[in-house]
Amino acid sequence: MWLYRIISSFFGIRKKNDLSKDLNNLSLKKIIILFLSLNIIFICIVLLITSLIIKS
């Protein structure tokens with residue numbers, strides 16, 4: 001749930017006060033999970049795009 005709130009805050013859907021509350025509640029474990037999930041999503045997108053280009 002906190003991951004969704006942080007990402008929606010970056011896209012401007014939420015208020016700055018909500019973002020500051022969420023960022024104050026972050027722990028090292030949550031930061032690592034956020035970092036890993038964003039990297040996995042990025043790698044999957046790159047692999048999908050490259051596989052589509054190679055098949056063409």
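In what order do the elements of the chain run from the N terminus on? They run α-α-α, and the chain has three helices and zero strands. Helices here are DSSP runs of H or I with at least four residues, strands are E runs of at least two, and both are numbered from the N terminus.

The model is a predicted one, where local features need pLDDT of at least 70 and side-chain atom pairs count only at pLDDT 80 or more, while totals for chains, interfaces and linings use all residues. Residues are numbered from 1 along each chain as its sequence is written, and side-chain values use heavy atoms, with hydrogens and water left out.

The average pLDDT (the predictor's confidence in each residue, from 0 to 100) is 81 for the chain, and 77% of the residues score at least 70. Among the elements, helix α1 (residues 2-10) has the lowest mean, 70, and α3 the highest, 91. Where pLDDT is low, the predicted coordinates should not be read in detail.

Next comes the surface. The chain exposes about 5000 Å², of which carbon and sulfur atoms supply 73%; such areas come from the Shrake-Rupley method with a 1.4 Å probe, and for residues only the protein chains shown count as cover. Of the 56 residues, 14% count as buried. Buried means under 20% relative accessible area, exposed over 50%, and partly exposed in between (1.4 Å probe, protein chains only).

The C-alpha atoms of K30 and L3 are separated by 8.5 Å, although the two residues are 27 apart along the chain. L38, another residue of α3, is partly exposed because its relative accessible area is 44%.

L38 also belongs to a nonpolar surface patch of about 700 Å², made with I7, F11, I41, I45, I49 and I53. Patch residues have over 30% relative accessible area and no salt bridge; like charges are joined within 9 Å, and nonpolar side chains (Val, Leu, Ile, Met, Phe, Trp, Tyr) within 5 Å. A salt bridge is a side-chain nitrogen of Lys or Arg within 4 Å of a carboxyl oxygen of Asp or Glu. Helix α3 gives the most to this patch, with five residues.
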